[in-house]
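Q: I have a model open and would like to learn how to read its features one by one. Where should I begin?

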Amino acid sequence: MEGRRGRHWDSGVRRWALPACVQGWCSGLQAGEIRGAAGGGGGRQESSSEKRTPLGGQRLCQMHQGSQLHPVFKAFLCGSISGTCSTLLFQPLDLLKTRLQTLQPSDHGSRRVGMLAVFLKVVRTESLLGLWKGMSPSIVRCVPGMGIYFGTFYSLKQYFLRGHPPTALESVILGVGSRSIAGVCMSPITVIKTRYESGRYGYESIYAALRSIYRSEGHRGLFSGLTATLLRDAPFSGIYLMFYNQTKGVVPHDQLDAALAPAVNFGCGVIAGILASLVTQPADVIKTHMQLSPAKFQWIGQAVTLIFRDYGLRGFFQGSVPRALRRTLMAAMAWTVYEEMMAKMGLKS
């Protein structure tokens, strides 16, 4: 009997998710409510302090305790998963944005080329899958990048706010700080992603791209456009988070059906994303040009002058439609998935 019980415990050790009845059994084991079978063969009766739990039970309880992840790591996982979903869906919009921003004046003369024309050209010349060019660096960038962003955001919020809702200014500071840390960490991958999407570079792999850039441009090439990237991403995250929290504050969540909460959060994210995208669009154009042609656009002031000379004021808003769509939908989905997953894990996002 005892042998069979041990084998039953051992077969269940390998399961990560413990059923409620098993969790209750673990609690009983730890409290001493389930006693081990007394040894046979004339041995003395064990005292209450010496009574044993089955070996498999001890192992299962230890595994259950070890599966309790740190909240910051949970936030990292939730952010990474939400980043994966949004990146897979909205990568084509990012590619169209990059192509629009890097059109040369001679390519279209005085005609204004729109997102639909670029979309049709990419599909015609590179097939439908060409819209997902640069997918590998996007995944490598967004999955850990979103994880770092949400993990840092959760840590800062818990440390400084002690659980109370952030004010508008605190939301901006949280967004700026979290995005700045993630942006610096993922800058080399951002450079590679932009070059993949432009269609001007033929790197064989991410590693080959890193090696090529480092050999030809040094470490500065891997961080080209970092200042412009931070000027784009940090204000976007701060402004987005401020509008997102303020919009959510208007909605009476205590009177809201739980089934509608994800849709409401998504709607709040869309509004916040549109406003934040419009404010930070010029910095995105500058960043793209600096990462594609670092020898020509060496610093922000020079980039502003050259873009204005070649494209006029309109040049700072090239690609604004696909970028606004992508950033808005991507951020809204990322925050919706993140908050739902955090709620399932019993954490307040």
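A: Begin with burial: a residue is called buried when its relative accessible area is under 20%, exposed when over 50%, and partly exposed in between. This is a predicted model. In it, F153 is buried, and W335 is buried as well.

Q: How much of the protein is buried by that rule?
A: Of the 349 residues in the protein, 44% are buried. The accessible surface comes to about 18300 Å², and carbon and sulfur atoms account for 62% of that surface.

Q: Which secondary structure elements does the protein have?
A: There are 14 helices and zero strands. Read from the N terminus on, every element in the order is therefore an α, since the run is α-α-α-α-α-α-α-α-α-α-α-α-α-α.

Q: What share of the contacts join residues at least 24 apart?
A: Contacts between residues at least 6 apart in sequence are the ones to count, and 77% of these in the protein join residues at least 24 apart.

Q: How many aromatic pairs are there, and how is a pair read?
A: Two rings pair if their centres lie within 6.5 Å, and planes over 60 degrees apart count as edge-to-face. By this rule there are 13 aromatic pairs. One of them joins F153 and W335, with 5.3 Å centre to centre and 85° between the planes, which is edge-to-face. F153 belongs to helix α7 (residues 135-161) and W335 to helix α14 (residues 320-344), so this pair ties together parts that are 182 residues apart in sequence.

Q: What is the geometry of the pair formed by Y196 and Y203?
A: The Y196 and Y203 pair is edge-to-face too, at 6.2 Å centre to centre with 65° between the planes. Y196 has a relative accessible area of 14%, so it is buried. Y203 is buried at 15%.

Q: Which residues do ring pairs link into a cluster?
A: The cluster consists of Y149, F150, F153, F236, Y240, Y244, W335 and Y338.

Q: Where do charged side chains lie over the face of a ring?
A: Look for the distance from the charge to the ring centre. R327 lies over the face of F236, at 3.9 Å from the ring centre. R162 lies over the face of Y159, at 5.5 Å from the ring centre.

Q: At what angle do helix α4 and helix α12 pack?
A: Helix α4 (residues 71-101) and helix α12 (residues 261-292) pack at about 75°, their axes 10 Å apart. The two helices are therefore roughly perpendicular to each other. On the α4 side K97, T98 and Q101 make the contact, and on the α12 side Q281, D284, V285, K287, T288 and H289.

Q: Is R141 buried or exposed?
A: R141, a residue of helix α7, has a relative accessible area of 15%, so it is buried. Leaving out residues up to four places away in sequence, R141 touches M186, I189, T190, K193, R232, D233 and R326. From C-alpha to C-alpha, R141 and K193 are 8.1 Å apart in space, and they are 52 residues apart in sequence.

Q: How does G301 count at 26% relative accessibility?
A: G301 counts as partly exposed. G301 is in helix α13 (residues 300-311). G301 and I286 are 15 residues apart in sequence, with 9.6 Å between them in space, C-alpha to C-alpha.

Technical notes. Residues numbered from 1 in each chain as written. Predicted model: local features only at pLDDT ≥ 70, side-chain atom pairs only at ≥ 80, totals over all residues. Heavy atoms only, no water. Helix = DSSP H or I, 4+ residues; strand = E, 2+ residues; numbered from the N terminus. Buried < 20%, exposed > 50% of the residue type's maximum accessible area, 1.4 Å probe, protein only. Contact = heavy atoms within 4.5 Å. Areas by Shrake-Rupley, 256 points an atom, 1.4 Å probe, with all protein chains shown as cover. Phe/Tyr/Trp six-rings, centres within 6.5 Å; stacked < 30°, edge-to-face > 60°. Lys NZ or Arg CZ within 6 Å of the ring centre and 35° of its normal. Axes fitted to C-alpha atoms, helices over the stretch in contact; angles between N-to-C directions. Parallel < 35°, antiparallel > 145°, perpendicular 65-115°, else oblique.
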